[in-house]
Amino acid sequence: MNDWFGRLSQLPQQWFESPIAAIALTLGAYFIGTRLFKLMRRPNWCPPMLIAAIMIAVVIALLPVGVEDYNRGARWLMMLLGPATVALAVPLYQQLPQIRALWKPILMTLPLSATLAACYAVIIAAVMGAPEEVLASLAPKSVTSPIALSLAEELGGSRALLMGAVLTTGVTAIFGVEWLSRVLKIRDPRLIGLALGINGHALGTVRAFEINSVAGAFASLGMSLTGAFTAVALPLVWHLFY
Amino acid sequence: MSVLRGFLWLLVFLLLGQTLVRLFHIPMPSGVIGMLMLTLWFGYRGGMNADIVRISQPLIAMLALLIMPGVVEIFFVADQFADQWAAIVTALIAGTLLSVLSSLLLMRRYLPASDDTGTARETISHE
């Protein structure tokens, strides 16, 4: 009997020796998170991803395995981020006619908006005395995650902190765009979409597609262009200072 | 099978991006270079490869799922940034609200109003 309990207690460790348990846990948490999100009537302060991430964290904390064991397995899933970034070429290409028609106003406003999105956070954190590692993890916060992750690596930031920052930014941006566009009486779906895509990356874009397809198209345009622009500009500017 | 063929195309462009990044010391993620190369390729061909479109839809829909493992770690390294939380949270929330406000104002100023909203077009002036 004791023998049997011994084998049972070793089981979680053995599960996480191969990536399968980590991948299954991630997928399971994702579907439960999405289900709970619908049951909670889609609260915009708490995306399904956050519910799922908390669930995974609780499971790991309860099982006798460390977050490193989970990360080792989940890395296989995150490897798909590379091809997923390349796949963003499809919405980008689909919106090329829109970009061509509006290239002038977009060229004037988007780089400035994307720069401000990074600058505000870095300046506030720097004024409040955050060290360089924290600043490097906050700077790419408005960029879609595959790009943000490689940027944080490039700048020397913390991956975990960046992902938290990306999530918080997405949630705040969705709330902010809905609130401020009401205050400013902005109803143009193109404008709301662009603001969601520039500031709220993939999370904002998903929200924009819920408003309507025009907002969604402009949000993916804003997301792709902010990602491409920040990916080029941020490392160059960063290395001037650090 | 066409999904796998599309996936192979994405991998080829990812590898192409990686090659260019290494060869020319481009300070950008290889995925982004691959994305730009693929967009250029679509433009050159004058259309999109149906296999790539078929694989890209599920992959983009999976983006949120793919970044979730990264979010999990923050709960375990939180105490590493214990004395920074005030700065981090203020920077994220105030910074994001400020940037949303400025991008909404900028866009409203410079984006020509669409016809269906019926508002008068603002004249664009350089400042």
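Begin by selecting chain B: of its contacts with a separation of 6 or more, 41% join residues 24 or more positions apart, two residues being in contact if their C-beta atoms, placed from the backbone, lie within 7 Å. The model is predicted, and local features need pLDDT of at least 70, side-chain atom pairs count only at pLDDT 80 or more, and totals for chains, interfaces and linings use all residues. Residues are numbered from 1 along each chain as its sequence is written, while chains are lettered from A and ligands numbered from 1 in the order in which they are written.

Remain with chain B and display its secondary structure. It comes to five helices and zero strands, where helices (H or I, at least four residues) and strands (E, at least two) are DSSP runs, numbered from the N terminus. Of the 127 residues in chain B, 39% are buried; a buried residue has 20 or more other C-beta atoms within 10 Å of its own, with C-beta atoms placed from the backbone.

Next, show both chains. Here 82 residues of chain A are in contact with 68 residues of chain B. On the side of chain A that touches chain B, helix H11(A), residues 159–183, gives the most, with 15 residues.

Select H11(A) together with H4(B), residues 63–77. Their axes come within 7 Å and cross at roughly 110 degrees; axes are lines fitted to C-alpha atoms, for helices over the stretch in contact, and angles run from 0 to 180 degrees between N-to-C directions. H11(A) and H4(B) are therefore roughly perpendicular to each other, the term for angles of 65 to 115 degrees. Residues making the contact include Leu161(A) and Leu167(A) of H11(A), and Ile67(B) and Val71(B) of H4(B).

Finally, select H8(A), residues 103–127. This helix has 25 residues and reaches 35 Å from its first C-alpha to its last, close to the 36 Å expected at 1.5 Å a residue; the expected span is 1.5 Å times one less than the number of residues. Just after H8(A), find Gly129(A), which takes a positive phi of about 85 degrees.

Notes. Parallel < 35°, antiparallel > 145°, perpendicular 65-115°, else oblique. Buried ≥ 20, exposed ≤ 12 C-beta atoms within 10 Å, placed from the backbone.
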